Amino acid sequence: MTDVIVIGAGPAGVVAAIRAADLGAHTVLVTRAEFGGMAANDGPVPVRTLAHAARLIREARQLGQCGIDVSEPVLDYPRLLTRVREVVDDVRARSSFRPQIDSLGVTVHEHAGIARFVDKHTIEGEGGLRLQAEKIIVCTGGASRRLSVPGFELTNTHSDAWGLTSVPPSMLVIGAGATGVQVASIFNAFGSRIQLFQTGPRILPSEDEDVSAAVAAAFREAGIEVYENILNIESFEKTQTGVRMIFSRDVVQETAEATLAVVAVGWAANAAGLNLAAASVETDHRGFVKVDEYLRTSTPHIFAAGDITGRLMLVPQAIQDGFVAATNAVRGPTMTMGDPVSPIGSFTNPEYAQVGLTEAKARQTYDVVVAVVRFDSTTRTIIDGRKMGFCKLIVDRKTCRMLGCHVVGERAVEIIQVAAIAITTRMRVDELANVPLSFPTYAGILARVAAKAARELNLKVSWQAHEAENTGYMLRERKNP
Ligand SMILES: Cc1cc2nc3c(=O)[nH]c(=O)nc-3n(C[C@H](O)[C@H](O)[C@H](O)COP(=O)(O)OP(=O)(O)OC[C@H]3O[C@@H](n4cnc5c(N)ncnc54)[C@H](O)[C@@H]3O)c2cc1C
């Protein structure tokens, strides 16, 4: 019997296997398809490559502002997909994970088909593989949630982008969470007519309300038709040129048509084929595997990590989970996940990102000071012609520590990483304001917004922050008279 079997070779499974083997356990990694999972093959890496192409199209259109004349960019979608495959292969080839797995002696069964539990210590692969272990770590990730409505088989998911031969003339995007807005934004830049549908009152429902409103406004300005407050999606029908969606809004039945309908209404656990009942592993009401603080399932020698647990479904969290689950599987329950600060963001146009609490959530518990600096008041965004957006900082009036930061606009995802460090290290807002961040940068907006909040809290801030970015310029002037 093996010490540890890890099922699934996404970020959670790969790190779990490395950690278990590093702790001396004889480890086997079994995965349905390619090494790397969603992140490498179907999620962030390929989608970010499409988003990069969308950005290049936007930037090409901006060249005229700087006196550079070029013709309107034309996208060759099959060539872009070739580029996506090159990037995916390159990222995989340069990943340090595979050499680590190999050097630690982990046995890897790639393309093993769907693994299923036979009993609490035994799993079987589709191709006849049968393995037994003392401990098992389930890292099978998630999959796009399906809608139980007639005609659902006529719809697509984001994964179908890899099989298209050209950019569809029009697209219905159903669901305006992180995946839906990325699909909408990217294919809008590629020239599709996009209709984006959200059942709740606002797109990006887990973002700060100001972020949702700003992204929705920018999407509309870019020509995306955003429909909120959809009551019910009733069915899909085939049309001569594509698909029709029948839905209700304000109690009135309506229809919308396009070449493609992409459904992105959430993420479900990839648990269907696992036969969890054979191992007495329980799931929650949404179908995700239930885990305790040590990432143990209801069967204590079986652990789960990553998207399959249904918590924050992101690569860094999956990696942390994999490490913790494997540590506990080998050493016994000693390590917990804690409550790490988790920056989240998306590569849409405009980008948006958050860390910590939204303003509404913070106000439920704290007396807060909220400061906002708009992108049209910072030097770098003016230079780059990227004046749309803002940075919002939420500060606890009592401790003067930052509770949350929300950014919409160019480089939002990068800016929020700096805010995440400030929040993780429990900096006070005046301490952040006093860091002389470089001028003229996007991240510089954080010192501005921190200075604004600090002033409201009557905290002393240095002259650099008081005088905002222009002081960076003045400082240089003084040094080089
Ligand atoms: C469009 C999109 C964009 C995203 N963008 C980002 C982003 O920008 N940043 C970010 O941090 N996250 C992003 N994510 C989320 C990120 O991809 C996931 O959180 C992450 O991949 C989860 O890792 P995981 O190891 O839990 O699961 P996965 O990466 O899903 O890996 C699961 C593995 O298990 C295998 N498997 C499944 N069932 C079985 C079975 N029964 N037997 C054997 N093997 C099985 C699968 O084939 C796969 O290899 C994005 C996701 C999507 C869909």
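**Notebook: cavities, a pocket and a sheet**

I began with the second largest cavity, which is lined by Arg-48, Ala-51, Arg-55, Arg-58, Phe-347, Thr-348 and Glu-351. I am working on a predicted model. I sorted this lining by class and got two nonpolar, one polar and four charged residues. The space inside the second largest cavity is about 30 Å³.

Next I asked how many cavities of 30 Å³ or more the structure holds. I found two.

I turned to the largest cavity. Its volume is about 110 Å³. I noted 14 lining residues, and Thr-157, His-158, Ala-161, Val-183 and Phe-187 lie nearest the centre. Which elements give two or more residues to this lining? I wrote down helix H3 (44-62), helix H6 (178-189) and strand S14 (260-263). H6 gives the most, with three residues. By class, I have eleven nonpolar, two polar and one charged residues in the lining of the largest cavity.

Then I looked up the second largest pocket. About 560 Å³ of space lies there. I noted a lining of 20 residues. Nearest the centre of this pocket are Arg-58, Ala-222, Asn-349, Pro-350 and Arg-386. Arg-58 was already in my notes, as part of the lining of the second largest cavity. H3, H6 and helix H7 (209-221) each supply at least two residues of the pocket lining.

My last stop was a sheet. I reminded myself that strands of a sheet pair through backbone hydrogen bonds, either parallel or antiparallel. Which way do the strands pair here, parallel or antiparallel? The pairing is antiparallel. I followed five strands in the order S17-S18-S21-S20-S19, and they form an open sheet. I marked strand S17 (344-346) and strand S19 (368-374) as the edge strands, since each pairs on one side only. From one strand to the next, the twist averages 5°.

I zoomed in on S17. Three bridges join S17 to strand S18 (residues 352-356). These two strands run antiparallel. Which residue of S18 is the bridge partner of Ile-344? I found Gln-354.

Finally, I checked what lies across the other end of the strand order. Helix H13 (residues 444-456) lies across S19, strand S20 (389-396) and strand S21 (402-409). I noted that H13 runs at about 140° to S19.

Notes: Residues numbered from 1 in each chain as written. Predicted model: local features only at pLDDT ≥ 70, side-chain atom pairs only at ≥ 80, totals over all residues. Heavy atoms only, no water. Pairing = 2+ DSSP bridges. Helix = DSSP H or I, 4+ residues; strand = E, 2+ residues; numbered from the N terminus. Axes fitted to C-alpha atoms, helices over the stretch in contact; angles between N-to-C directions. Contact = heavy atoms within 4.5 Å. 1 Å grid on protein atoms, 1.4 Å probe; cavity = no way out; pocket = protein on both sides within 12 Å on 5 of 7 lines; lining within 4 Å. Points joined across faces, edges and corners; volume = space filled by probe spheres on them. Nonpolar A, V, L, I, M, F, W, Y, C, P; charged D, E, K, R; others polar.
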